Amino acid sequence: MSVLPAEVHTALSNLLKGLQSPDNVERTAAEEQLNKEWMGERPDVFFMGLSEQIQLAQETSTRNFASVLFRRQSGKPRKDAQGAAKDAFLTLPQAEREAIRAKLILCLGQETDGSVRGKIADAVAELARQHTEEGVPWPELLGALFSASQSSDPGQRETSFRIFSATPGIIEKQHEDVVMTAFKGGFGDSETKVRIAAVEAFASFFRSIQKKAQPKYFSLIPEILNILPPIKESMDGELLTKALISLIDLAEIAPKMFKPLFNSLVVFSISVIQEKELGETPRQNALELMATFADCAPQMCRKDPNYTNDMVTQCLSLMTDVGVDDDDAAEWNESEDLDADESDLNHVAGEQCMDRLANKLGGQAILPPTFNWLPRMMTSSAWRDRHAALMAISAISEGCRELMEGELDKVLDLVLPALRDPHPRVRWAGCNAVGQMSTDFAGTMQEKYHQIVLPNIIPVLESSEPRVQAHAAAALVNFCEEAEKNILEPYLDQLLSHLLMLLQSPKRFVQEQALSTIATVADSAEAAFSKYYDTLMPLLFNVLREEQSKEFRLLRAKAMECATLIALAVGKERMGQDAIALVSLLGHIQNSIQDADDPQGSYLLHCWGRMCRVLGQDFVPYLAGVIPPLTELAGAKADIQLLDDEDQVAQIQEEEGWELVPLKGKVIGIKTSTLDDKHMAIELIVIYAQVLEAAFEPYVNDIMDKIALPGLAFFFHDPVRVASAKCVPQLLNAYKKAHGPESTQLGQLWERTVERVLEVLSTEPAIDTLAEMYQCFYECVEVIGRNCLTSSHMAAFIESARSVLKDYQDRVKERLEDQADNEDGEEASEDVLFAIEDDQNLLSDMNKAFHTIFKNMGTNFLPHWEQLMEFYKMAVVNADPTQRQWAICIFDDVLEFCGPQSWAYNEHIIQPLIDGMQDDVPANRQAAIYGVGVAAAKGGQAWSEFAAASLPMLFQATQRPTAREDDEVFATENACASIAKILHFNSQKVPNWQDVVHAWVDTLPITNDEEAAPYAYGFLAELMDQLNPAVLGQPVKCFHFVTQALEAETLQGQTATRVVASTKQLIQSANVNLAQVAAGLTPEQQRTVQAYFG
C-alpha cells in the first residue's frame, strides 16, 4: 500500500521514463527536473516514492531502475539544516528516514526476482555504509540481515551475505559468537551460491577488523576450504574463481591462518592449475593464490614439501602455452602491435609468477627445481619448450641474482645458442633473456662477458624477422646503458653499421627502436662517439627536416631524442654550427605541433633540456620559446572525477592514464597521465635552473609561486611533491646568483618560501617523500646561508621534528610487535624492509637538517634544539643502531658548531660518545670518534680533559682485527684524525705526548676518508716541519703514508702541496735517497711520486 498520493507516483513514473529516454533533450530535461524539483525541493518524497516504486511497480525494469537510482541519489552530497554537507539520505528528517528504511528492508524480503533483489541489496548496502561511517544508528538492519541469512529462500540468504560483503562495518562491532554462527551457517549452506557469498562476506569482514581480533576466526578456515573441492568437481569455473579471489584476499591479510591446512591447499590449487577444462581464469586465480602466499608468507612456502617444485613445474607448463594456432609464428611476426596487452594469457601469468617466486623465495629455493627442467627444455624439439625456458631465465634472474651471478657463464651457455635458433620466437626470447640479464647482472655482464655477449647478439640484428631485429636492438639498449665507454669502444663500428642498416628497414617500429639504441650507445660511449657523428647527424637532420604524416611522428620524436643525446655525448665544440641548427629545427617542430596527442610534444621537452645542458649560457635566447609550454604543463591542476555508477567506472577503466580510488562508497578517478606530465615538467625546470642559474632569474618568481611551492602540497601525486622539493632550492640559488646573497629581492623570496617549506614538514603524509621535504629544507638553508632563520622558524622546525619523531617511534613499536608474532626463521616482509629503509632515510635527512641549522645558526639554535632532549636520550641507548647513530651525529653538530657552549650539555653527550667509541657497528663508532675529535678541536678548555682521556679508546678502535676492512676503515681513519686533533689542540692534557705521537704515526695512512685526511696529514706536516723524533726516526714510513694518500686522492689541493713540501724537507733532513725508496713502489705509486715530488 502506498503512503504517497497517486499524482506523485504518476510524476515519478514520468521522471523514471525520462531519465531512461534515448532522446538527449528529453533525458536532459528529466535530469534537470530530478536535481531541481525532486532532490532540491522534496528529497523525502523522492526517496519514499522510489521505495514504493521498488515495492509496487509491476515491471521488473522499473523496480530495477528505481533501486539503482535510489542508491546513486542517496549518496549524492547535500546540505543539511545546519548547512553541513552530508550524503543526501542522511539529510532527511529522522521519521522519514526510518519509514523509508523499513520500506526498503520490506522490499528486500519480498522481492522474488534475483536481479532486482541484487539491486535493492546494493541500495541497502549504500545506506548501511552511510549510517556506519557517520555513526548514525540503524538498529533494525542487522537483525533483518541475520534473519535473512537463516531464511528458507536461498536467494534471501545469498542477498544477506552480499550486503555484509559490501558493508562489513555493520557487523564489525558485534559479538563474535553471533558472527561465527552466521558465517558457519553460510559456509555449510546447501546452495553453492550462498556458500560463495558467505566466503566473500567473510573476506570483506576479515579485512575490516583489527589485527588482534583476527585469530578468533582462524578456526573457520577448514570450513571455508571444504567448499572448494565440490565446486571444482562440478567444473563451475565462474564460482571457483569467486571463491579463489576471496581466498586471495584472506591470504594477503593473514596467510598464517592457513598454516595447518596449507599443504592441502597447495595440492588443491596445483590440481586446479593443471585442469585445462576449467578455463584460463580459475587456473590463473589458483596460481595467483599460491603466488600471494609467496609474497606474504615465503617461509611457509619454503617449508612446504610440495610448494616450490610443483609451482615451478606449473609455471613452466603455463609458459609453454604460447603461440596457439601460430606454430610457425607467421601471424606473430606480421603483427606490429608490440605493446599488445597479453596480461590475461597463460604464458604471461606463468612468467610473472616465476618472477614473484624468485624475488620472494630466493635463489636457493627456486634455482634447483628450475634448472632441473631448463636444460631439458632447451634441448627439446618443441620450440615452445625452448621459448619457455628462456623466458624463465628472464623471469628469475632478478630474484636469484646473488646465486646466478657466480654461474653466469653456465647460464649464458644455455642462452646464447638460442640467438641462432631456427624459430624466430625462440630467438626473440633469447634476446629478451640477454636484455634482462644485462640489467639484473649490470656490471658483471658488461665487464666479464662482453666478449661473448656482443658478438652473439649483434648478428641477430640481421634477422629476417623485424620483430626479432627490434628486440635484439632493445636488448642492446639494456646492455649498453650499463656498459662503460672503454668496454663499448671496440664494438662501436660493428654496432653502428648494423643499427644504420636497421634505419633502412621498411618497418617503422624497427627504425624507431634503432634510433633508441643508437641514442643509448651515444649516451654510454660519450666522447668516443664523436667518430660517428658525421655519419649519423646528417641522417637525423634529414628525418627532422622532412614534413611527415601522422604515422611518422613517433619516428621523428625518436630522431630528436637520438640527436640531442648524441649532442650531449660529443659536446658543443664538436657540434659546431650544428648545435644552433638543431635548436632551430626543434623550434620549428614545436611550432608545427597541433594535436594534443602528438608524441613529439613530450619528447621535445626533454630534448630542450638536453640542449640546455649542451649549450649552457648560449641557450638563454631560446628560453622564451621553451619555458611557456613547460610551465603550462608544470602548473596543470589535477583532473579528478567523481564516478557515480558502474558505467562511468567502466568507461574510465578502458581509457589509459587513469587511477581509480574508492572513497566512501564512490569511486574517484584521477588522471595520472596529466600528473606524470606535470612531474616531468617540474623535473625539467630543475635542470634549467641548475644549468642557467642567474640567467633563469626572470622565471623564478612565477615558477616559485605558481608551481614549486604549491607543488610541495600536491597530495594527488607523490612524484610531483618530490620534484617540487628538488625545484625550490634550485630556484632560490638562481635568484641568489642574480641578485646577490644579501639582496632585498632574495630576502623577500626566502620569506615566503621558508614558511611553506616548514609547513610541509608537518603535513607530508608519505615517509619517503617527507625525507625529500627535509632535504628541500636543508638545501634551502644552505643556499640562503648564515642567520637565515628566525626564532619562530626554528621553533616551527622543532615542533615538526617532534611530531615526526613521535610518529617514527610509533612505527618502530608497531614493527617490533609484529616481529614478535613472527615464527623462528621467518624473515621480515619486503614491505617491512622498505618501511625500515624509508625511516632510515628520513632520520638521515633530518640529521642533515639539524646539521645545516647548527652550521648556519650556531648557538642560536640551542634553546630550540634542547626541547627534543628526551628523544636524543632515548635514541642513544636504543637497541636499534640507526637511532644511536642519529643521536650521536646530532651531538657531534652541537660540539662542532657551538664550541665551548656545548659543555652545558656534557652530561648528555659524554657517555654516548664513550659507548659509541666501543660500539660494534662501524658507522656508530665513526660518529662517536668524529665527535671526540670535534670536541678537541672546537670545544676549548672545558672539553680538553675528556678528549685526552679518550685516547686509549681511539687507539683501540685503530687496532681492531678488522680495522682496515671496507666496512670499518672509515671509523679507523676517523680515529687517526681525532687523535691528531687531540695531540694538536689539547697537548697540555696529554702527559706522555711524545710517546702518543710516536704511536699515532702507525695509525696512518688515510686512503678512504677525504674529510679526515687533511686533519691527520696536516698534523703530520707539522711534525715533519718540527723534525719531531717520531717522524725523523722513520722518514721512509712517513713518505709511504703520504704517497698512499696522494695516490688515493684523499690528499688534494693546497693540503697536498703543503704536505709534499714538508715531506721533501723531512727526506732531505734525514738524508734519504728518494730514488732508491721510489724504486720499491708500485708503478702507479711511482707515477704519483713523479707527479708530486719531481
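A residue is called buried when its relative accessible area is under 20%, exposed when it is over 50%, and partly exposed in between, with a 1.4 Å probe and protein chains only. By that rule, 53% of the 1094 residues of the chain are buried. This is a predicted model in which local features need pLDDT of at least 70 and side-chain atom pairs count only at pLDDT 80 or more, while totals for chains, interfaces and linings use all residues. Residues are numbered from 1 along each chain as its sequence is written, and side-chain values use heavy atoms, without hydrogens or water.

**Whole chain**
- The chain has 59 helices and 5 strands, taken as DSSP runs numbered from the N terminus (helices are H or I, at least four residues; strands are E, at least two).
- Along the principal axes, its C-alpha atoms fill a box of roughly 120 × 75 × 65 Å.

**Helix H25**
- H25 covers residues 424-440, and its 17 residues reach 24 Å from first C-alpha to last, close to the expected 24 Å (1.5 Å times one less than the number of residues).
- Because 15 of its 17 residues are buried, H25 is largely enclosed by the rest of the structure.

**Helices H40 and H41**
- The axes of H40 (residues 718-739) and H41 (residues 744-763) come within 10 Å and cross at roughly 170 degrees; axes are lines fitted to C-alpha atoms over the stretch in contact, and angles run from 0 to 180 degrees between N-to-C directions.
- The two helices are therefore roughly antiparallel (over 145 degrees; under 35 is roughly parallel, 65 to 115 roughly perpendicular, the rest oblique).
- In their contact (heavy atoms within 4.5 Å), H40 contributes Val728, Leu732, Tyr735, Lys736 and His739.
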